[in-house]
Amino acid sequence: MKIELPGLAAPHTMGEPRTYPPPPGPSTSRVAYAAAHVVPDPSGDSLDWDATLAFRRHLWSYGLGVAEAMDTAQRGMGLDWTTTRELILRAGREALSGGARIVCGAGTDQLPPGPASPAEIVAAYEEQLTVIESVDAVPVLMASRHLAAAAHGPDDYASVYGRLLSQVRRPAVLHWLGPMFDPALDGYWGSPGLDAAADALLALIAGHASRIDGVKISLLDGEREIAFRRRLPSGVRLYTGDDFNYPELIRGDAEGHSDALLGVFDPIAPAAAAALQALDGNDTASYEEIFAPTVPLARHLFEAPTFNYKTGVVFLAWLTGHQRHFRMVGGLENARSVPHMVRLFQLADAAGLYPDPDLAATRMRAWLTVQGAA
């Protein structure tokens with residue numbers, strides 16, 4: 001099938017899908033979570049719960065864990081705490097009943113914008129932790145805009161996180177989200193310098209290692225992540241959030257590897273699962289071959305402004321048939337340009353990610369018509 005795309009001299013010919021059957025179970029050599037997006041009800045401000053939960057079942061069917069209520073689900077970009085709470089409860093109960101792997105983000109986004117005291121910040125985290133722990137999920141202590149604004153240095157972060165880690169029922173995952181994902185988090189851990197910030201975070205981890213499952217780092221800097229990983233205490237995982245360099249970071253080297261908590265695993269779940277299964281069997285050639293065509297897609301999806309990557313994630317979910325419309329919470333379906341989306345469409349096709357190329361082409365053509373670009 002061919003489709004006319006703006007900016008191309010000739011029609012684009014749809015490629016053949018790459019078929020990756022669901023594996024028999026999760027990867028045995030790596031722990032991998034996909035940060036999942038949400039599907040709004042187009043008639044209002046609530047979520048389409050059937051479509052939202054069906055997508056989580058899709059991720060679980062490929063042996064991936066679900067990272068729930070993270071930034072891919074538009075935390076801080078349209079998804080309010082009331083809806084987030086319901087999302088955690090619904091997904092968490094389903095995971096609990098089915099024995100599926102899930103982690104859930106705890107933050108402070110129920111607080112109003114503006115200044116907040118350390119006590120208010122801790123109380124907000126505690127409220128969200130109570131919800132997460134009610135479904136026996138692993139908490140992710142997400143980076144807090146309120147804490148970034150209130151903290152004067154590393155000691156303030158150590159105080160807040162120390163209080164939270166002293167009371168978690170299960171070892172938690174810490175979360176270092178770089179300013180390319182959220183400019184309000186610049187200087188997190190008490191310093192605008194990344195070396196000093198890393199030292200502060202590592203000191204926090206060393207003091208609470210038994211209560212920390214791992215740390216998720218999203219800085220889009222592979223060398224910095226490797227250096228950080230090599231300084232972690234034994235038993236504390238590094239969950240890569242690097243959507244540019246994930247194949248080499250997950251593969252690792254003689255000194256260790258990263259596990260994964262990635263937004264890009266939402267659209268590439270079947271390929272990611274197949275690559276991880278190949279790695280389980282020490283078939284690094286197949287691992288590299290499966291992941292290779294997904295990297296140009298990921299680098300385009302997460303190009304600056306990086307925080308708008310969610311628009312492309314949801315667009316691909318629509319093109320691949322996981323939802324019946326291309327709408328987002330807060331109207332963020334308009335956050336990327338037509339040329340960006342056209343290139344995204346091509347790169348996903350080159351990676352063989354469309355299970356039904358005709359459906360993808362038909363929907364792309366319809367979208368271009370609405371945009372006045374057909």
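Two cavities of 30 Å³ or more turn up here. On a 1 Å grid over the protein atoms alone, a cavity is a set of points where a 1.4 Å probe fits but cannot get out, while a pocket is an open set with protein on both sides within 12 Å along at least five of seven lines; lining residues have an atom within 4 Å of a point. The model is predicted, so local features need pLDDT of at least 70 and side-chain atom pairs pLDDT 80 or more, whereas totals for chains, interfaces and linings use all residues. Residues are numbered from 1 along each chain as its sequence is written, and side-chain values use heavy atoms, with hydrogens and water left out.

Here are the volumes, each being the space filled by probe spheres set on grid points joined across faces, edges and corners.

| Space | Volume |
|---|---|
| Largest cavity | about 60 Å³ |
| Second largest cavity | about 50 Å³ |
| Largest pocket | about 490 Å³ |
| Second largest pocket | about 310 Å³ |

Among the residues lining the largest cavity are P26, R30, Y62 and R101. Helix α9 (residues 269-280) gives the most to this lining, with three residues; helices are DSSP runs of H or I with at least four residues, numbered from the N terminus. The lining of the second largest cavity includes D71, K216 and D243.

Now to the pockets. The largest pocket has 27 lining residues, with R75, G76, D109, R145 and D182 nearest its centre. Helix α4 (residues 145-150) is its top contributor, giving three residues. In the second largest pocket, 21 residues form the lining, and P270, T320, L353, Y354 and P355 lie nearest the centre.

Key:
Helices (H or I, at least four residues) and strands (E, at least two) are DSSP runs, numbered from the N terminus.
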